[in-house]
Amino acid sequence: TLGCRTRYHCFDVRNKAKLVGLIDELYAHGRIDGVIHAAGVLRDSLILEKTAESFKLVFETKVNPAEVLEAKLQSDVKFVALFSSVSGCFGNRGQTDYAAANNALDHVARSLGKKVQGRTLSINWGPWAGTGMVTAELEHEYKRRGIGLIPPQVGSQRFLDELRFGDHNTRQVVIMSGSPESFGFS
């Protein structure tokens with residue numbers, strides 16, 4: 001519709017060699033205009049119940065691709081958006097692995113922002129309604145705590161607005177629904 005091409009490639013993003021190969025292939029045939037890194041998995045549990053394997057799965061799904069993007073993207077990319085989570089800023093019970101991974105994304109965005117000429121940011125999303133990683137159990141818990149869910153149309157528009165109109169020098173943005181008190185701060 002606007003003359004752009006989008007290509008989808010499905011593979012385990014924890015496989016750094018596969019992602020490096022894809023980026024090299026894309027650059028061999030042209031350029032990369034924009035990147036949205038939104039991969040993530042949850043394995044919520046108290047830290048005493050976490051296994052090394054589950055921690056690694058959660059952490060590497062977020063961090064491995066971010067490290068590859070940081071190393072391989074060229075400076076002419078027009079935008080890089082890393083989908084992080086409010087848990088990376090504020091923590092969340094049972095999500096030490098997820099919080100650590102999302103906090104790492106926030107740091108990668110700052111580093112990439114020094115390299116990439118286009119808009120580079122990490123968006124610390126609050127929970128979304130009816131899509132994404134929010135299970136019925138999590139939705140109930142968020143409701144109990146007074147944490148609002150982001151409607152998909154609202155979240156999508158906020159994302160586009162942030163890319164178009166956001167401060168080019170801002171590398172980290174929090175987008176959530178609810179009062180600050182519901183997230184544990186006042």
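A salt bridge is a side-chain nitrogen of Lys or Arg lying within 4 Å of a carboxyl oxygen of Asp or Glu. With this definition, Asp 24 and Lys 72 form a salt bridge, their closest N and O atoms being 2.8 Å apart. The pair ties together distant parts of the chain, with Asp 24 in helix H1 and Lys 72 in helix H2, 48 residues apart. The structure is a predicted model, in which local features need pLDDT of at least 70 and side-chain atom pairs count only at pLDDT 80 or more, while totals for chains, interfaces and linings use all residues. Residues are numbered from 1 along each chain as its sequence is written, and side-chain values use heavy atoms, with hydrogens and water left out.

Helices (H or I, at least four residues) and strands (E, at least two) are DSSP runs, numbered from the N terminus. Helix H1 (residues 16–28) and helix H2 (residues 52–72) pack at an angle of about 35°, with their axes 10 Å apart. Such axes are lines fitted to C-alpha atoms, for helices over the stretch in contact, and angles run from 0 to 180 degrees between N-to-C directions.

The whole structure holds 9 salt bridges. One of the pairs is Arg 14 with Asp 12, at 2.7 Å from N to O; Arg 14 is partly exposed, with a relative accessible area of 29%, and Asp 12 is partly exposed at 39%. Another pair, Arg 144 with Glu 141, meets at 2.6 Å. These two residues both sit in helix H5 (residues 136–145), 3 residues apart, or about one turn of the helix. Arg 144 is exposed at 58% relative accessible area, whereas Glu 141 is partly exposed at 27%. Shared partners also join Arg 31, Asp 33 and Lys 78 into one network of salt bridges.

Attention now turns to the sheet. Two strands pair if DSSP finds at least two bridges between them. In this model, 4 strands form an open sheet in the order E1-E2-E3-E5, with parallel pairing. Strand E1 (34–37) and E5 are the edge strands, each pairing on one side only. Neighbouring strands are turned by 20° against each other on average, direction ignored.

Which residues of strand E3 (residues 119–125) are buried? The answer is 7 of its 7 residues. In a regular strand the side chains alternate between the two faces of the sheet. Here Arg 119, Leu 121, Ile 123 and Trp 125 point one way from E3, while Thr 120, Ser 122 and Asn 124 point the other way. Strand E2 (residues 79–85) pairs with E3 over 7 bridges in the parallel sense, with Phe 79 opposite Arg 119 and Ser 85 partnered by Trp 125. E3 is also joined by 4 bridges to strand E5 (residues 172–175), where Ile 175 is the bridge partner of Trp 125.

Note on methods: Buried < 20%, exposed > 50% of the residue type's maximum accessible area, 1.4 Å probe, protein only.
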